[in-house]
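Hi,

Here's the structure I said I'd pass along. Have a look at it first, and my notes come after.

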Amino acid sequence: MEISRNAATAKGPAETFAGEVWVDPITRGLPPSQLNVAVVRFAPGARSAWHSHDGGQTLYVTEGHGLVQVRGQQIAELSPGDVVYAPDGEEHWHGATPDRFMT
């Protein structure tokens with residue numbers, strides 16, 4: 001058995017997020033894996049900057065209500081249980097609705 005101790009909760013950096021965002025890392029894969037799993041809590045109205053990921057990104061909404069947008073497309077609403085996959089290189093942002101938290 002192996003028990004890992006994760007780093008303390010960290011505030012999301014201003015160059016990556018707008019508004020109050022808090023990140024709790026869960027795990028990172030060993031190279032060559034690009035796996036990075038974290039719990040990210042967005043305060044109402046907080047969101048990520050436009051970004052993309054090498055290898056894509058999967059989001060799983062565990063609580064609250066959120067928004068996500070692919071560049072050039074309509075904003076979509078998110079609810080608990082929703083899974084979003086942004087493929088490799090697809091520019092997008094995601095965050096909480098103006099009146100609800102989202103994790």
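Below is what I found in it, grouped by place.

One thing to keep in mind throughout: this is a predicted model.

Let's start with Q69, which sits in strand β7 (residues 66-70). Is its side chain buried or exposed? Q69 has 16% relative accessibility, so it counts as buried, the cut-off for that being under 20%. Its side chain has polar partners, though. A polar atom of the Q69 side chain lies 2.7 Å from the backbone oxygen of Q73, and the side chain of Q69 also makes a polar contact with the side chain of W93, at 2.8 Å. If you leave out residues up to four places away in sequence, Q69 touches W50, Q74, I75, E91, H92 and W93.

Last, a backbone detail. Most peptide bonds are trans. The one from P31 to P32 is cis, with omega near 10 degrees. To find it, go to the loop between β3 (21-28) and β4 (36-42), where P32 is placed.

Cheers

Methods:
Residues numbered from 1 in each chain as written. Predicted model: local features only at pLDDT ≥ 70, side-chain atom pairs only at ≥ 80, totals over all residues. Heavy atoms only, no water. Helix = DSSP H or I, 4+ residues; strand = E, 2+ residues; numbered from the N terminus. Buried < 20%, exposed > 50% of the residue type's maximum accessible area, 1.4 Å probe, protein only. Polar contact = N/O pair within 3.5 Å; in protein donor to acceptor, adjacent residues only side chain to side chain. Contact = heavy atoms within 4.5 Å.
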